[in-house]
Structure formats: C-alpha cells, structure tokens
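Please load the model in your viewer and keep the selection tool at hand.

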Amino acid sequence: MTAVPTAAPRMLVLWAEESSPNLGVAVLARGSRDLLRRIAPDAEIVFANYGARPPQVPWGRPRSLVRERVLPRFGMQQYLRSFDLVWDTRSGDSFADIYGVDRHLTMSLVHEFAVQAGTPVVMAPQTVGPFDTRRGRLLGRRTLHRSSAVLARDPDSASAAAALDRPADAVTADLVFAIDQPAPGPERDVLFNVSGLLWQENPHVDSRSYREVVRETISGLRSAGREVTLLAHVLDSPHPDNDVPVVRELAAEHGGELDVVVPTGLDDVRSTISGASVLIGSRMHACLNALSVGVPAVPLAYSRKFAPLLSSVGWEVGFDLRRDDPALLPEQIVKEVAQADAVAATAAAARGRASLDAAADVLRATLPGLGSPLPARTGHRGS
C-alpha cells in the first residue's frame with residue numbers, strides 16, 4: 001500500500017512581522033508564531049504586513065483588492081487557498097474604525113477573501129472596536145460572523161464582540177505572554193520608554209504637556225536617587241513615529257548623564273527589560289513586555305486600549321495622560337516607581353501565560369486537523 005503523502009500545515013499571519021521597527025508589531029508576530037507552534041510544532045508560518053506584502057494580494061487600496069477578486073491577475077485566491085489557517089492579528093488594535101475607513105476596509109477585505117478562498121480565518125487575540133461609524137460596525141459585524149473563531153484580548157473587547165452578535169470564543173491576554181522568556185539582561189534601575197509619537201503633535205495627547213511630564217519625572221527620579229536609562233521601543237526608521245531621536249535628545253539635555261538603550265530587535269529589548277527594576281512606558285507593548293517577564297510597569301496611557309489589557313492580567317498600576325492632571329503626574333509617577341512590586345508583576349505574567357492556554361484550546365477545537373499532519377494540498381481546496 002502506498003503511503004498517503006503528508007505536509008506540515010501552512011499558516012498565514014496577517015498584519016504582523018518580526019522584523020518591524022515597531023517592536024509592538026514584532027511582539028504580535030513572535031507571540032503568534034510561538035502560540036501557533038504549540039498547536040502545530042512543524043507548521044510553516046508566513047507573515048504578511050504593510051512592510052512585507054505578498055505580491056499576490058494587492059492591498060494598496062481597497063478597490064485594488066476588489067478588482068483582483070473580480071478580475072484575477074495576481075493569483076490572490078489561489079495564494080489564500082494555499083494556507084490551512086489565516087491568523088488575523090489586525091496589528092493588535094486595528095479592528096476598529098478609529099484609524100480611518102480605508103484601513104478597516106482593506107483589512108476586512110483580505111479577511112473576507114480568505115474566507116471565500118475556503119481557508120479558516122481566526123481573529124487572533126486583539127482589541128475589538130471601537131466602531132464609531134455605521135459602516136465600521138457593519139464591517140466589524142461581518143468580519144466576526146465570517147471568522148472560524150474569535151479571540152478577544154480583554155473583557156471590554158469581548159463585550160464589543162458580543163454587542164455585534166458574535167461573542168468571543170475566549171478572552172485571553174495579549175500575545176506577548178505567549179513569547180518564551182528571554183535571557184536576562186544587565187541589571188538596571190529605572191527604564192523609561194519615551195514615545196516619539198507623543199513627543200510631537202499627535203491626535204492623542206497634548207505634546208507640550210507630555211514633554212513637560214517626561215522631563216519633570218526624570219528630574220524627580222534623579223533627585224530621589226534613582227538611576228534612569230532611556231529606552232526606545234519603536235526603532236529608528238524613515239517614519240517620524242519612532243523613539244530613537246527623542247531618547248537621544250533627552251540624553252543630550254542631561255549632558256550624557258543618562259544611559260540610552262536602542263535595542264537591535266525584539267529579543268534584545270526583552271532581555272534589556274528583564275534586567276530592570278521597573279519600567280515606565282509610554283508604549284503599551286513596552287509595558288506588556290515588562291509584565292510578561294515579571295518586571296513592574298508604570299504605564300503612561302494615551303488610549304483606551306491600555307487599561308483593559310493591563311487589568312486583564314490583574315495589573316491596575318498606571319496613569320492616563322488624557323485625563324490625569326499633568327501638574328501632579330511627575331510626583332505621582334516617582335511615588336509609583338518607589339512602590340514597584342516585582343511579586344505582583346510575576347503574578348501578572350503567570351496569569352497572562354495561563355490565559356493563552358484558552359486560545360490554544362480554541363484553536364484545537366476549531367481546527368482539530370492542525371494538531372496532526374494534514375493530507376498533501378492540491379491547491380484546489382475551497383470554492
């Protein structure tokens with residue numbers, strides 16, 4: 001009898017890549033890879049993101065995707081059909097209409113066309129909403145209902161999914177908690193992640209106020225005898241939203257008396273953070289990276305996504321730059337740093353890791369064939 005040929009499953013991870021200079025996006029990619037390989041250790045995992053678009057999927061504009069679907073030129077449907085699973089991360093927080101209708105529509109069309117290709121699509125642990133427009137809600141509803149499984153990364157997101165009549169299959173923590181623990185880095189006291197996004201004019205917070213809070217907090221920490229190291233969490237790139245120029249500017253203001261860490265990538269930043277006593281973070285994934293390795297984090301939130309995610313692992317420490325009095329913040333941050341609780345951070349890390357077991361269970365239940373070798377593909381699965 002001739003043996004039936006088998007092949008390791010192929011999985012497409014959408015809207016994340018490990019090489020991204022935004023280490024939050026790199027977190028989503030690495031966390032996705034590590035979680036998916038719990039289910040299928042031999043899986044071939046392919047990443048697709050704005051900086052790494054497959055030529056078969058012309059998502060430059062929504063109408064380009066529609067044109068390819070109606071009048072195929074690049075082989076989009078065959079490409080999407082070649083995978084056993086599409087894992088849709090939406091960059092963690094882009095399953096919403098707050099970044100504009102085009103982005104929401106583009107991502108939703110890729111999801112829809114993967115479903116039409118006959119490939120199961122799972123919404124990875126992420127923020128669901130907000131949907132502030134009728135069109136945004138309609139797109140969100142269709143995407144949820146067309147998904148083989150939906151994973152929300154906080155209770156608020158689960159509520160948002162339920163409001164669109166498609167309850168989440170599980171509520172988990174962020175994918176950062178799926179990443180293996182790093183090698184410990186050199187010992188440091190206070191790591192301060194300063195955001196290049198918030199340092200300049202932005203739609204989230206008053207940049208002048210943010211700059212003043214950062215400068216006064218650094219002064220307060222140093223007066224209290226703390227050693228401060230400035231940390232970039234979005235690396236240098238042509239895009240103005242990066243942290244490197246800001247941390248270097250601040251170091252220069254202090255005559256080079258502050259250390260600066262510009263990591264080489266995700267492994268480096270996680271190792272760096274693991275050696276710190278505490279991290280103050282203006283980037284959400286800087287805070288989540290810290291908690292995932294058991295380091296206390298003092299978040300400086302600028303959007304609604306911070307609090308539910310942190311609360312989901314039992315971490316209630318932090319401030320909201322949109323609402324808290326900037327005149328009081330520096331002193332409050334310094335006090336919070338002094339009270340940093342490593343035991344509580346270690347417990348938060350354990351809760352986060354345990355919650356992702358539920359995501360693995362959902363995948364096994366939804367797509368049981370991914371846990372064992374699959375029949376060799378012919379390229380004609382689906383319609």
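A salt bridge is taken here as a side-chain nitrogen of Lys or Arg within 4 Å of a carboxyl oxygen of Asp or Glu. By that criterion, a search of the whole structure finds 24 salt bridges. The model is a predicted one, in which local features need pLDDT of at least 70 and side-chain atom pairs count only at pLDDT 80 or more, while totals for chains, interfaces and linings use all residues. Residues are numbered from 1 along each chain as its sequence is written, and side-chain values use heavy atoms, with hydrogens and water left out.

Select E44 and R10 to begin, where the closest N and O atoms of the salt bridge are 3.1 Å apart. Because E44 lies in strand β3 and R10 in strand β2, this pair ties together parts that are 34 residues apart in sequence; strands (E, at least two residues) and helices (H or I, at least four) are DSSP runs, numbered from the N terminus. E44 is partly exposed, with a relative accessible area of 39%, whereas R10 counts as buried at 16%; buried means under 20% relative accessible area, exposed over 50%, and partly exposed in between (1.4 Å probe, protein chains only).

D174 lies in the loop between β7 (170–171) and β8 (188–193) and R153 in the loop between β6 (149–152) and α6, so the pair ties together parts that are 21 residues apart in sequence. D174 is buried at 1% relative accessibility, and R153 is buried with a relative accessible area of 1%.

Now select E18, R30, R33, D34 and D267, which are linked in a network of salt bridges. Within this group, look at R33 and D34, which meet at 3.3 Å, N to O.

For the aromatic rings, which of Phe, Tyr and Trp (its six-membered ring) pair if their centres lie within 6.5 Å, planes under 30 degrees apart count as stacked, over 60 as edge-to-face and the rest as tilted. The whole structure holds 7 aromatic pairs. W15 and Y50 form a tilted one, with 5.2 Å centre to centre and 35° between the planes. W15 is buried at 0% relative accessibility, while Y50 is partly exposed at 38%.

Finish at R73, in the loop between α2 (62–70) and α3 (76–81), which is exposed, with a relative accessible area of 67%.
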